[in-house]
Amino acid sequence: MKEHNPQNPILELAANGTPTPAMKTPKKRDLDTMVNGFQGESTGSRSFPIPKPSLERDFQMCLQLNPNIAVGPGIWGQRNWVSFISGHWNGRFGRGTVVPGGQDKQLVAPDLSTHIDTNYLLQTHDHPPAYIAVRTEGWRVGPREILEKLNDPAQSDEVDPKSYSFRLYIHMETGDQRYLHLNTGMWIGSGIRRGTEVIYDAYRVL
């Protein structure tokens, strides 16, 4: 076992914070160097270019909502519970309805930014129908006065969709053999609020 070296420059630095001549000056890695390092191409990426993902509009979802139920304030913000009455959807892989009983457990921040966390079930128009579980997560953000109007069904129709941002991640799951390809799909959504209805377009990541 090596003996403790009282002249160890690292220990001396730890003890009094003063570097000694024995210590080597570390290599300078400023912000530009780090950024350039991320931007530069590695040997592998030059040999095998990394594909750039693209988006393809895949389906549109319309959800009819019940009024908010205020669960109350928590450590992260105001918790609301919103259940779904029904809905319908139409897309490249099929069409169908939304089974009543889905829900959104919203979390509203003090500035009224709203975190969306939904779970609901789709039924296809096939015979027999298939059932597809959907989960979405995302944020609705914007100026406070705009978000106040969106939370009021009587005023939300008047709000310009470009005045706020409503974006989602979308996941789908099913055991039906006809729709197994949905289990490995990835989607992002862009939504609007209209009265008691939420409408979003879903774009598949290719």
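How many aromatic pairs does a search of the whole structure find?

1. The search finds six aromatic pairs. Rings of Phe, Tyr and Trp (its six-membered ring) count as a pair if their centres lie within 6.5 Å; planes under 30 degrees apart are stacked, over 60 edge-to-face, and the rest tilted. The model is predicted, so local features need pLDDT of at least 70 and side-chain atom pairs pLDDT 80 or more, whereas totals for chains, interfaces and linings use all residues. Residues are numbered from 1 along each chain as its sequence is written, and side-chain values use heavy atoms, without hydrogens and water.

2. Phe59 and Trp187 are edge-to-face, because their ring centres are 6.4 Å apart and their planes stand at 65°. This pair links distant parts of the chain, 128 residues apart: Phe59 belongs to strand β1 (residues 55-65) and Trp187 to strand β8 (residues 187-194). Strands are DSSP runs (E, at least two residues), numbered from the N terminus. Phe59 is buried at 2% relative accessibility, and Trp187 is buried at 3%; buried means under 20% relative accessible area (1.4 Å probe, protein chains only).

3. Phe84 and Tyr120 also form an edge-to-face pair, with centres 5.4 Å apart and planes at 65°. Phe84 lies in strand β3 (residues 78-91) and Tyr120 in strand β5 (residues 114-124), 36 residues apart. Phe84 is buried at 5%, and Tyr120 is buried at 5%.

4. One aromatic cluster consists of Phe59, Trp89, Phe93, Tyr179, Trp187 and Tyr200.

5. Arg140 sits over the face of Phe166, 5.4 Å from the ring centre. The criterion is NZ of Lys or CZ of Arg within 6 Å of the ring centre and within 35 degrees of the ring normal.

Key
Helices (H or I, at least four residues) and strands (E, at least two) are DSSP runs, numbered from the N terminus. Buried means under 20% relative accessible area, exposed over 50%, partly exposed in between (1.4 Å probe, protein chains only).
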